[in-house]
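Biologist: I would like to learn how to read a model like this one. Could we take it feature by feature?

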Amino acid sequence: MNDWTQCVVTPPVNSKNFASLGVPVYRASTIPFDSAQSYANRHAQGAEGYSYGLYGTPTSRALEHKISQLEQGIRTLLVPSGQAAITLTMMILLRPGDHVLIPDTVYPPVRDFANQELNKLGIEVTYYDPQDFDALEGLIGSKTRLVWAESPGSTTMEVQDIPRIVKLAHRHGALVGCDNTWATPLYFKPLIHDVDIVVEALTKYFAGHSDVLMGSITVRDQSLAEHLRKGLGRYGVGVSPDDCSLVLRGIETMSVRLRHCSDVVSRLLPTIDRQPTVQQILYPALSGSPGFDLWQRDFKGASGVFSLVFTDIAAPFVAEALDCFKTFAIGASWGAHEASLPPCPLQCTVRRDFGKVPTSFCVLVLAWKQKRISRLTLMHFLHIWTRAADPSPATPPPSRRPPNDQ
Ligand SMILES: Cc1ncc(COP(=O)(O)O)c(C=O)c1O
């Protein structure tokens, strides 16, 4: 063999007696077959077979199986982001003339997608109050193909009565999909409550380090799994094996991180509650938070995301107070090793109570790296805010840096 040919031929190596505990990264676009005949018959392998890198490699299959086990589903499909998991599920399941019900608390980019893309296709979108079951009952009809749920909802954190919604939807022949990103399957398993489709933004707690984007779609019905799998294949959607390997690694520490997050939040909340700038804390595991009873009934734990609603007088000082942070990141996303604090203006259209709130503010705590420092930083922030919100002329200007931040 000449050098030029040698360069493109992989030499055989002995892999006998080799094993590693982590899942190896198998990269592939082309997957070679033994013969022309076996290539011609490649589709006969079924959903578990390998035919082209886009449709899966042993690395992505390992991740799919792990998520299916955690969700107690029969099949998981991986897509490039949590947002894609939601929008592609809707695109594949809904047809022109169908009706979809979406909670008012939905992750905001999904609302934008529904208003722009679903409406353009002639799919009717109605938003419902996540806590008003009677209103939902009045909105569901013969054209409703899908009832979407997100529990707790983004920013205002209402826990939904998933078992009741499922019964209602199934009575009307509609499917139920649920975004379970806040709880992860460690704290809530929608499929065991007969939800048809559960999606996770793996970007958050699963991956856990702010460096991967991925989403999962898990189902408990074989024909629905095939329908979604083929639809995703037609759209040409796949994920990188390297990213799958990072998510697989993240899952190994997910239970430890989640437990730590709940621990940090439960220690922090009593102090936050005493701050005069804070009008309300929204956190499903807190008595008085919307849907607390449902959280107690259905969930096994609480993750680290909660929201603070600030008083009207404090709201104008959000930006200034945020700029004081050093160890908290100001940015979108959550579920990783650093805490982040994005301000979240509300986009509700049907909930009258929250429609009046001028600024809600999401605090996302997950400081498994720097528990004590994050607590100090947050307290400093709240203190500065309290002072900044005090109209008394004697108030000194807020300093730019907390004293014990690092
Ligand atoms: C509840 C929820 N669902 C879905 C998503 C979307 O995930 P991704 O950022 O991977 O698109 C997010 C992102 O913040 C989210 O908070």
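Modeller: Start with one residue. I192 is found in the loop between α8 (184-187) and β6. Helices (H or I, at least four residues) and strands (E, at least two) are DSSP runs, numbered from the N terminus. This is a predicted model: local features need pLDDT of at least 70, side-chain atom pairs count only at pLDDT 80 or more, and totals for chains, interfaces and linings use all residues. Residues are numbered from 1 along each chain as its sequence is written.

Biologist: Does I192 count as buried, exposed or partly exposed, and why?

Modeller: Count C-beta atoms, placed from the backbone, within 10 Å of the residue's own: 20 or more others means buried, 12 or fewer exposed, and in between partly exposed. I192 has 14 such neighbours, so it counts as partly exposed. Of the 406 residues of the protein, 44% count as buried.

Biologist: How far can I trust the coordinates?

Modeller: Read the pLDDT, the predictor's confidence in each residue, from 0 to 100. The protein averages 85, and 80% of the residues score at least 70. Over residues 355-376 the pLDDT stays under 50, and the model has 68 contacts there beyond four places in sequence. Residues 384-406 are also below 50, with 37 contacts beyond near neighbours in sequence. A contact means C-beta atoms, placed from the backbone, within 7 Å.

Biologist: In what order do the strands of the open sheet run?

Modeller: Strands pair if DSSP finds at least two bridges between them. Here 7 strands give the order β1-β7-β6-β5-β4-β2-β3, with mixed pairing. β1 (75-79) and β3 (124-128) are the edges; each has a single partner strand, so one side of each lacks a neighbour in the sheet. The twist averages 20 degrees from one strand to the next.

Biologist: Which strands does β6 pair with, and in what sense?

Modeller: β5 (residues 175-179) runs parallel to β6 (residues 197-201), joined by 3 bridges. G177 has I197 as its bridge partner, and C178 stands opposite V198. β6 and β7 pair in the antiparallel sense over 5 bridges. A201 has G215 in β7 as its bridge partner.

Biologist: Where do the side chains of β6 point?

Modeller: In a regular strand the side chains alternate between the two faces of the sheet. In β6, I197, V199 and A201 point one way, V198 and E200 the other, and all are buried. With 5 of its 5 residues buried, β6 is largely enclosed by the rest of the structure.

Biologist: Which helix lies across β1, β6 and β7?

Modeller: Axes are lines fitted to C-alpha atoms, for helices over the stretch in contact; angles run from 0 to 180 degrees between N-to-C directions. Helix α3 (residues 58-71) lies across those strands, at about 125 degrees to β1. Helix α5 (residues 108-120) touches β2 (99-103) and β3, making about 155 degrees with β3.

Biologist: Which residues have the most contacts inside the largest nonpolar core?

Modeller: In soluble globular proteins, nonpolar side chains tend to be buried together. A nonpolar core is a set of buried Ala, Val, Leu, Ile, Met, Phe, Trp, Tyr and Cys residues joined through C-beta atoms within 7 Å. The largest has 85 residues, with V79, V100, L146, V147, V176 and V247 having the most contacts inside it. Helix α10 (residues 241-273) gives the largest share, 9 residues. Leaving aside neighbours within four places in sequence, V247 touches residues including L63, L202 and F206.

Definitions and conventions
Contact = placed C-beta atoms within 7 Å.
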